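Please open the structure in your viewer and keep the sequence beside it, so that each selection can be found in both.

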Amino acid sequence: MLLQVPGTNVPLSHMVHIARKIDAARAARGWTVTALAWRPGMEASSLSKSLHGRWALRADEVLRLLYALGVAPASSTSG
């Protein structure tokens, strides 16, 4: 059975992969989770849960985080 993000057709493994890429980009910039969460106006505790696989990110949150990181959405799916 394939686990999915609730309310979507997105496999949980894809969301975990995206969260790891966002966290790696955050760490590469030397930003704390709080600093990254502040930029798109998110709660740091919610972002932390998302980056550690305990809470799914919504599509708009992913896009806001990528924008805050200066990463194009298409480039975040490769590799």
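The tour below goes along the chain, one selection at a time.

This is a predicted model, in which local features need pLDDT of at least 70 and side-chain atom pairs count only at pLDDT 80 or more, while totals for chains, interfaces and linings use all residues. Residues are numbered from 1 along each chain as its sequence is written, and side-chain values use heavy atoms, with hydrogens and water left out.

Begin by selecting helix H3, residues 44–51; helices here are DSSP runs of H or I with at least four residues, numbered from the N terminus. Its buried residues (under 20% relative accessible area, with a 1.4 Å probe and protein chains only) are Leu47, Ser50 and Leu51. Looking down the axis of H3, you will find these residues within an arc of 95 degrees, so they line one face of the helix; the arc is that of the directions from the helix axis to the C-beta atoms.

Move on to arginine 54, in the loop between H3 and helix H4 (59–69). Arginine 54 is exposed (over 50%), with a relative accessible area of 59%.

Now select H4, whose buried residues are Glu61, Val62, Leu65, Leu66, Ala68 and Leu69. These residues cover an arc of only 160 degrees around the axis, which puts them on the same side of H4. The face turned away from that buried side carries the exposed residues Ala59 and Tyr67.

Finish at glycine 70, which follows H4 and has a positive phi, near 75 degrees.

Technical notes: Helix = DSSP H or I, 4+ residues; strand = E, 2+ residues; numbered from the N terminus.
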